[in-house]
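Work through the exercises below with the sequence and the model open. Each task is followed by a solution in steps.

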Protein chains: 2
Amino acid sequence: MGTEQWLAGIDIGGTTVKLSFITEDGAILEKWEIPTNTDQGGVMVVQDISKSIQEKLSTLGKSIDQLGAAGVGAPGFLEMETGFVYEAINIGWKDFALKEELEKQLGIPVSVDNDANIAALGEMWQGAGDGARDVLFITLGTGVGGGVISNGQILHGANGMAGELGHITSIPEGGRPCNCGKTGCLETVSSATGIVQLALEFLPQHPESSLKAFEQEGTLSARAVIEQADAGDACATAVVEKSMYYLGFAIANLANTLNPSRIVIGGGVSKGGQTLLNPLNDTYSKFVLKRVKEAADIKIAELGNDAGIVGAAWIAKEAKRKA
Amino acid sequence: MGTEQWLAGIDIGGTTVKLSFITEDGAILEKWEIPTNTDQGGVMVVQDISKSIQEKLSTLGKSIDQLGAAGVGAPGFLEMETGFVYEAINIGWKDFALKEELEKQLGIPVSVDNDANIAALGEMWQGAGDGARDVLFITLGTGVGGGVISNGQILHGANGMAGELGHITSIPEGGRPCNCGKTGCLETVSSATGIVQLALEFLPQHPESSLKAFEQEGTLSARAVIEQADAGDACATAVVEKSMYYLGFAIANLANTLNPSRIVIGGGVSKGGQTLLNPLNDTYSKFVLKRVKEAADIKIAELGNDAGIVGAAWIAKEAKRKA
């Protein structure tokens, strides 16, 4: 133990739990993963995390006193103040007192937020957000998620639903059904799944497309669409443009409301980089107010899979500061 | 002077300045108006305000010590922290140090925010916001303005543009030009002006409409459209439905992002009450997430013209609390 305590940054997913020790300055000292044991409604997850952290500390010749606080990101719907998880389907938790249980096991203060929010905070702190205090963060993965940071604070809203950017309606009439029960949500056109769906819609008009082979092999993916667009395939290019049109339109309208100083696109799809950014910026520029655009350009996330652990450490640090 | 100091709430408009003394509990003790003297670039406005406040205090047998702080709302583009007005076209100010000048004249701390934001804060504190800490406030007047309150704080954004809800794009292609330089903004369809424009577009298909007479007399107004909709006119009803469809769609998308606990519609047009709320709620319900809707219904603003002075007193109170 020294004057320089570390923060534990923990990012719980349905398959693995990412763990880390991070300095108060945001430097990752150690990071590792353990499998998420979802047996019996995820009853072992907290104990596994605690045990793994104790072991890692021991390996490093340290005790739990080395850790000042822990931050945890969890998927699903939860209450941030109490760290109570109402439901995390991928893990099996239902009405689970995550913060309380982990504090009991570790003996240090624990802060909890949802996975999209900690990723946003991670990017704000050490990634493409570049320390900006007003960040709009959008993750393009299987779904579309988001985090809105204003004055350095993540917005949670009245009942924890703030940042549900994936369920902004992009197609008011005649859009595809979304998991949420509505139709035409941004998620149905700009997620990895949405991009594949758009490709399937566009393909009949483009029998010459290189995507045809992917479709026949059953390997059509967002990644394939973006790569083929990069390679100049007309159908793939049209799909990417359409998908980014909807995203750019939604972002411009949000920016007019929130006036962020940074807009960051993360998640697996964001690896498409400039292939996405070019059409995205065109639409964004068309629909955003001039002064709002002057304040914020769109960037691709920088931290990749580390965004969650870094953001988890951030909420631990913030809670410590306020304590 | 006593233990109970008052707050001065000041709402500067292009025609009149509304002034008030308000208790720390939000009760209006005195309110009055003076004309806004826009001669010579509004050079006399601050002195007029100061003089009027001193006179009113004197009439009440009080001195300036009775006032703990003043809050001011001003139209145009300004920096909240410094109270510096970059430009307020309706008053004539350009690069005007409003906060500094008024503090010099009054000798008490002055806080400044823009007029849409103080109206939102007023409604949050004493009006339809009902003390809620996450409020989405939309004003329907000549234009469409807004204020976003999150955790009890108004969002200003990176360069003071947050809450520009009127410039959310409602009609992506082929919409009417907006004052902002874009086309199809919410303001072009849901403001008083927008409602009149929609009526003019709809009228050729409805020669039997009672709005025809208003058009011919040159008295077609948003109020006339709403009144005729109330009276059962098919054209007026279609106009109101269309206008509220765009507003409800925009509000639902914002609510999915912000998860407010209260949504408040203010401004002159909001006097249309239930005639607007019925179609507005239909569209809002269609496009909002279920859990988000559970958190917030849409209400009509309650404070009317007093929202500004009450919100101005609120920012004075907040600044005092933080000092």
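## Exercise 1: A glutamate in a helix

At 11% relative accessibility, A:E318 is classed as buried. The model is a predicted one.

Task: Decide whether A:E318 is buried or exposed, and explain why.

Solution. 
- Step 1. The relative accessibility of A:E318 is 11%.
- Step 2. The cut-off for buried is under 20%.
- Step 3. A:E318 therefore counts as buried, because 11% falls under that cut-off.

Task: Place A:E318 in the secondary structure, and find which side chain it has a polar contact with.

Solution. 
- Step 1. Helix α12 of chain A, residues 307–322, contains A:E318.
- Step 2. The side chain of A:E318 makes a polar contact of 3.0 Å with the side chain of A:R321.

## Exercise 2: A sheet in chain A

Task: Give the strand order of the sheet formed by β5, β6 and β7 of chain A, and state whether the pairing is parallel or antiparallel.

Solution. 
- Step 1. The order is β5-β6-β7 in chain A, in an open sheet of three strands with antiparallel pairing.
- Step 2. From one strand to the next, the twist averages 10 degrees.
- Step 3. Three bridges join β5(A) to β6(A), residues 84–88, in the antiparallel sense.
- Step 4. A:E79 has A:F84 in β6(A) as its bridge partner.

Task: Find which strands helix α3 of chain A lies across.

Solution. 
- Step 1. Helix α3 of chain A spans residues 98–106.
- Step 2. This helix lies across β6 and β7 of chain A, and runs at about 55 degrees to β7(A).

## Exercise 3: A helix in chain B

Task: List the buried residues of helix α8 of chain B (residues 222–230), and name helices that cover them.

Solution. 
- Step 1. The buried residues of α8(B) are B:A222, B:A224, B:V225, B:I226, B:Q228 and B:A229.
- Step 2. Their cover includes α6 (192–202), α7 (211–217), α9 (234–258) and α10 (274–287) of chain B.
- Step 3. After α8(B) comes B:G232, with a positive phi near 100 degrees.

## Exercise 4: Two copies

Solution.

Methods:
Residues are numbered from 1 along each chain as its sequence is written. Chains are lettered from A and ligands numbered from 1 in the order in which they are written. This is a predicted model: local features need pLDDT of at least 70, side-chain atom pairs count only at pLDDT 80 or more; totals for chains, interfaces and linings use all residues. Side-chain values use heavy atoms; hydrogens and water are left out. Two strands pair if DSSP finds at least two bridges between them. Helices (H or I, at least four residues) and strands (E, at least two) are DSSP runs, numbered from the N terminus. Axes are lines fitted to C-alpha atoms, for helices over the stretch in contact, and angles run from 0 to 180 degrees between N-to-C directions. Contact means heavy atoms within 4.5 Å. Buried means under 20% relative accessible area, exposed over 50%, partly exposed in between (1.4 Å probe, protein chains only). A polar contact is a pair of N or O atoms within 3.5 Å; within protein, one must be able to donate a hydrogen and the other to accept it, and residues adjacent in sequence count only if both atoms are side-chain atoms.
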